[in-house]
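Work through the exercises below with the sequence and the model in view. Each task is followed by a solution in steps.

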Amino acid sequence: MTVTEPASAAPAAIHHSIPAPSTELTIRDTQDFCSLQHHAALAQLGIRNAPDGDLAVFFHYCKAHRLDPFSHQVTMIRRRERDGDDWVDKWTIQTEIDGYRLIAHRAANRDGKVISYRPTIWVDGDEGEHLRWVREEPPAAAEVTVLVDGAAFTGYASYREFAPLHPKTGKPMGLWGKMPANQVAKCAEAQALRKAFPRDLGGTQTSDETAGE
């Protein structure tokens with residue numbers, strides 16, 4: 001018998017405008033560019049000194065997908081990349097796991113389907129399976145299965161493949177050092193949701209999945 005646990009509740013109704021914590025930060029359909037309030041709020045989230053062109057694309061992406069960057073549903077990541085003999089900044093848009101869940105619920109509502117989850121499974125280094133992770137060391141992997149009207153879509157993420165390590169100390173960075181079980185489970189969940197909703201999530205990755213790149 002399959003044991004399921006409910007996904008986080010989907011909104012009863014999805015409004016066309018993007019929900020936001022305040023009127024000043026609400027991204028309206030009539031807006032074409034970021035306001036001064038948006039710029040200030042994005043800077044607080046770490047999105048600073050992004051070129052106007054990248055910000056315009058990000059703004060369009062948020063509107064098109066009805067995602068709220070101020071509720072941690074979507075973000076922009078800056079990375080240094082080599083361009084010939086020079087290093088340049090490259091900004092990429094990445095949907096967060098909360099944005100993935102919102103998009104998946106919208107897609108399910110659109111298609112008249114119901115989402116549920118099997119209990120998350122964490123795997124230790126000897127391939128033993130655990131329904132809870134209470135050890136001090138990180139799990140070796142996590143498995144998350146999303147059920148859509150009973151059809152199962154499973155994502156599997158290895159800690160070794162996704163955890164970002166400090167180049168000098170070799171220790172996991174950021175939340176991967178503080179909450180490794182949660183982080184690797186989010187990567188597995190993102191994979192499962194992409195399998196379940198390829199039309200809506202195909203070709204995207206979460207910032208948790210690309211943290212080590």
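## Exercises on a predicted model

Ser-71 sits in the loop that links H2 and strand E2 (74–83). The model is a predicted one.

**Exercise 1.** Describe helix H3 (residues 97–111) by its length, its buried residues and what covers them.

*Solution.* Step 1: H3 has 15 residues and spans 21 Å from its first C-alpha to its last, close to the 21 Å expected at 1.5 Å a residue. Step 2: the buried residues of H3 include Gly-99, Leu-102, Ile-103 and His-105. Step 3: the cover over the buried residues of H3 includes helix H2 (52–65), strand E3 (86–95), strand E4 (115–117), H6 and helix H7 (198–201). Step 4: after H3 comes Gly-112, with a positive phi near 70 degrees.

**Exercise 2.** Classify the packing of H3 against helix H6 (residues 180–196).

*Solution.* Step 1: two packed helices are described by the angle between their axes and the distance between the axes. Step 2: the axes of H3 and H6 come within 10 Å and cross at roughly 25 degrees. Step 3: angles under 35 degrees count as roughly parallel. H3 and H6 are therefore roughly parallel to each other. Step 4: the crossing of H3 past H6 is left-handed. Step 5: on the H3 side, the contact is made by Ile-97, Tyr-100, Arg-101 and Ala-104. On the H6 side, Lys-186, Glu-189, Ala-190, Leu-193 and Arg-194 take part. Step 6: the contact residues of H3 with H6 comprise five nonpolar, no polar and four charged.

**Exercise 3.** Locate Glu-127 and Asp-149, then give the phi and the exposure of each.

*Solution.* Step 1: Glu-127 is in the loop between strand E5 (121–123) and strand E6 (129–130). Its phi is positive, near 70 degrees, though Glu-127 is a residue other than glycine. Step 2: exposed means over 50%, and Glu-127 has 67% relative accessibility, so Glu-127 counts as exposed. Step 3: Asp-149 is in the loop between strand E7 (141–148) and strand E8 (151–158). Asp-149 is not a glycine either, and its phi is positive, about 50 degrees. Step 4: with a relative accessible area of 47%, Asp-149 is partly exposed.

Terms used
Residues are numbered from 1 along each chain as its sequence is written. This is a predicted model: local features need pLDDT of at least 70, side-chain atom pairs count only at pLDDT 80 or more; totals for chains, interfaces and linings use all residues. Side-chain values use heavy atoms; hydrogens and water are left out. Axes are lines fitted to C-alpha atoms, for helices over the stretch in contact, and angles run from 0 to 180 degrees between N-to-C directions. Helices (H or I, at least four residues) and strands (E, at least two) are DSSP runs, numbered from the N terminus. Angles under 35 degrees count as roughly parallel, over 145 as roughly antiparallel, 65 to 115 as roughly perpendicular and the rest as oblique. A crossing is left-handed if the near helix is turned anticlockwise from the far one by less than a right angle, and right-handed if clockwise. Contact means heavy atoms within 4.5 Å. Ala, Val, Leu, Ile, Met, Phe, Trp, Tyr, Cys and Pro count as nonpolar, Asp, Glu, Lys and Arg as charged, and the others, Gly among them, as polar. The expected span of a helix is 1.5 Å times one less than its number of residues. Buried means under 20% relative accessible area, exposed over 50%, partly exposed in between (1.4 Å probe, protein chains only).
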